[in-house]
Amino acid sequence: MFNISKDFAPPFKMIEPFFKFGSIIYLISILSLLFLKPTMDITDLKVVGWAHLFLLGFVMMVIFGAMAQLIPVALEVGHHNVDLYKYIFLLLALGSSLMVVGFWFLPWLLPYGGFLVLVSMLLFLYETFATLKKTTTSTLTVKCVKAGNIFLTIAIAIGFLMALAISVGFNLDFNKLLPIHIVLVLVGYVTITVIGMSMILLPMFGLAHGYDDSDVNLSFKILVVSIVLFSLSELFGLHYFSKIFIIGMIGAVGLYLRQLITLYNIRARKIHDIWYKHIYVAFISLALVVVYIVFWLLLGSDAILKSAVWLFLVGFFVFVINGHLIKIIPFLVWFERFSPLVGKQKVPMLHEMLPDRDIELSFWMSLSGLVVGLFGFMFGSDTLFKGGVSLLFFGAVFMFKTVIYILNFKP
């Protein structure tokens, strides 16, 4: 499945904590939503704390773990210094935990947590860029990795300044910097990284070959330009232009979605397994985000904006990450433990390593929670929101069980 050589693939024991910790934090982050309300302002420190718990502890943690394995595939070279991932994990886990506690309870902890997160991400960026220097390839995935990591560098510097300002109390224009920080992280790093890696994983899992990739290449270019110009517009207070560049991002995502439709139509593998179900939900959610953002630009409704954020974080990020976890982790466990036994004794098939009942329960409960929670935001109903979160929590429990089962799999 993956072109991974033992000569440069990191030991799975080094990467396993990223997936395990990420799954635990996902469970905790969903549970903590029960203490929030759909009518709360997105700048409320309780909401900001939750966003950092979810994005740093779950999204970034899982992406960093996955990138440790996928970068050799994308670049066809070994890591510059794979041992750095030990420190990246420890610093990110501790730093994100301190930041969340700082936002929720003890603001004086924010600069300490922010500094640890900053160091963690700088180590990740150093290792990634040093590895990039070893490759001569210039594929879309390589371009996405480069651009995404440049945006992440700027985002974490801005985030650290804001954390310091909240703790110490010096003057900083949050109205300018917060939108830039959010867009650089969510669109500049996470979305561009997902686009880059999806152009390896989706054709691989769907067995799609010989396709025209002009849509996704144009999408990448428009996205990069729009993010840069949006950030400059916000920095100089040109909010009218900011909206134009948000439209640019929407158009870029639309082109990416059209590329996905092309991949779907030419795929050779027609089986609709649980991975496909997750991907359907993820990209339908992303398409709905585009629609909601358009309506928000026209109507300026907070409920619509919050609904779009909900679909983006829970509908897109959660389902695209969890869907790929149940594809990637079984292979990595199999590659580490069972590939040396091939030809010597019977080894399990990848599908035999999946707890089908738990995965199905996780998927359907999470999907139900996504929909019910969406109605909670749209109608400002705390009851619907809490009902959706409760369903999501049970889905997260079964997802956590799935990850632990696979990590500890024994035939």
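The model is predicted, so local features need pLDDT of at least 70 and side-chain atom pairs count only at pLDDT 80 or more, while totals for chains, interfaces and linings use all residues. Residues are numbered from 1 along each chain as its sequence is written, and side-chain values use heavy atoms, with hydrogens and water left out. Helices are DSSP runs (H or I, at least four residues), numbered from the N terminus.

**Packing of α8 and α9**

- Helix α8 spans residues 239-266 and helix α9 residues 274-299.
- Their axes lie 10 Å apart, at an angle of about 155°. Axes are lines fitted to C-alpha atoms over the stretch in contact, and angles run from 0 to 180 degrees between N-to-C directions.
- α8 and α9 are therefore roughly antiparallel (angles over 145 degrees).
- The crossing of α8 past α9 is left-handed (the near helix is turned anticlockwise from the far one by less than a right angle).
- On the α8 side, the contact residues include K243, I250, Y256 and Y264. Among their partners in α9 are Y276, F283, V290 and W296. Contact means heavy atoms within 4.5 Å.
- By class, this contact has 18 nonpolar, no polar and one charged residues. Nonpolar covers Ala, Val, Leu, Ile, Met, Phe, Trp, Tyr, Cys and Pro; charged covers Asp, Glu, Lys and Arg; the others, Gly among them, are polar.

**Salt bridges**

- The structure holds eight salt bridges (a side-chain nitrogen of Lys or Arg within 4 Å of a carboxyl oxygen of Asp or Glu).
- K37 pairs with D382, with the closest N and O atoms 3.8 Å apart. K37 sits in the loop between α1 and α2 and D382 in helix α12, so the bridge ties together parts 345 residues apart in sequence.
- K37, D382 and K386 are linked in a salt-bridge network.
- R258 pairs with D215 at 2.9 Å between the closest N and O atoms. R258 is in helix α8 and D215 in helix α7, so this pair ties together parts 43 residues apart in sequence.
- K401 and D358 meet at 3.6 Å, N to O. K401 belongs to helix α12 and D358 to helix α11, 43 residues apart.

**Accessibility of the paired residues**

- Buried means under 20% relative accessible area, exposed over 50%, and partly exposed in between (1.4 Å probe, protein chains only).
- K37 is partly exposed at 45%, and D382 is partly exposed at 26%.
- R258 is partly exposed at 49%, whereas D215 is buried at 12%.
- K401 is partly exposed at 40%, whereas D358 is buried at 10%.

Conventions. Helices (H or I, at least four residues) and strands (E, at least two) are DSSP runs, numbered from the N terminus. Angles under 35 degrees count as roughly parallel, over 145 as roughly antiparallel, 65 to 115 as roughly perpendicular and the rest as oblique.
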